[in-house]
Amino acid sequence: MRIDISEIIKTPGAKIAIDETGTIEDINDIYGLISVTGPVVFKGSLININGILSLNGKALCTYETQCDICGEKITSKLQTDIDEDLIKEQTENINDDQFVYKDNYLVLDKILSDIIVLNLPMSHRCSDKCGIICSGCGKPVTGTRCGCKDEQPIDPRLAVLKKLINDDTEN
Ligand SMILES: [Zn+2]
Ligand SMILES: [Zn+2]
């Protein structure tokens, strides 16, 4: 994803809209745990603030991973806000943490992949119930079921409520 920034780099205050979609190879395999295989979408704007380019917008991608508890494959979406200042690349005083632009082009891939990696959740469960011990059969629920055919275990927050109601009726 290469953006032509020639229109704005010489004019403080100049702004361009960006609406780009592309695949980023760097994030096909993140720590062997998460894979962003589909295209990454970025929508936003780039504005020249006295030579610093301010990138604002949202990145959206779909990723694949697996449930930490049962190993079931999960496909999930990540949408993340982006608000970064980009400086002109210089040969000296280069700070690795700073995103840069060079000449008349800005390459979005590195910026997007870094921000996506930072914002991906590192733990995943296929469902809220996965791993909870079923009150019916005493087995952990994995995937969407526990093995017993009765109702699925109730949400612990609801269990508290239910207990309160029961206590109330006993009094
Ligand atoms: Zn699971
Ligand atoms: Zn059960």
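Start with helix H1, which lies across E2, E3, E4, E5 and E6 and runs at about 125° to E5. Keep in mind that this is a predicted model. Stepping back, the protein chain has two helices and seven strands, and along the sequence they follow the pattern β-β-β-β-β-β-β-α-α.

Five strands make up an open sheet, ordered E2-E3-E4-E5-E6, with mixed pairing. Strand E2 (15-22) and strand E6 (99-101) sit at the edges, each pairing on one side only. From one strand to the next, the twist averages 30°. Inside the sheet, E4 and strand E5 (residues 73-88) pair in the antiparallel sense over 14 bridges. To find your place there, pick out Lys-58, which stands opposite Asp-81 in E5.

In soluble globular proteins, nonpolar side chains tend to be buried together. Here the largest nonpolar core has 20 residues, and those touching the most other members are Val-36, Val-40, Leu-53, Ala-59, Cys-61, Leu-112 and Ile-116. Strand E3 (40-49), strand E4 (52-66) and helix H1 (108-119) each supply at least two residues of this core.

Setting aside neighbours within four places in sequence, Ala-59 is in contact with Val-40, Val-41, Phe-42, Thr-80, Ile-82, Leu-112, Ile-115 and Ile-116.

Finally, zoom out to the whole chain. Of its 171 residues, 15% count as buried. Among contacts with a separation of 6 or more, 54% are between residues 24 or more positions apart.

Terms used. Residues numbered from 1 in each chain as written. Chains lettered and ligands numbered in written order. Predicted model: local features only at pLDDT ≥ 70, side-chain atom pairs only at ≥ 80, totals over all residues. Core = buried A, V, L, I, M, F, W, Y, C linked by C-beta atoms within 7 Å. Buried ≥ 20, exposed ≤ 12 C-beta atoms within 10 Å, placed from the backbone. Helix = DSSP H or I, 4+ residues; strand = E, 2+ residues; numbered from the N terminus. Contact = placed C-beta atoms within 7 Å. Pairing = 2+ DSSP bridges. Axes fitted to C-alpha atoms, helices over the stretch in contact; angles between N-to-C directions.
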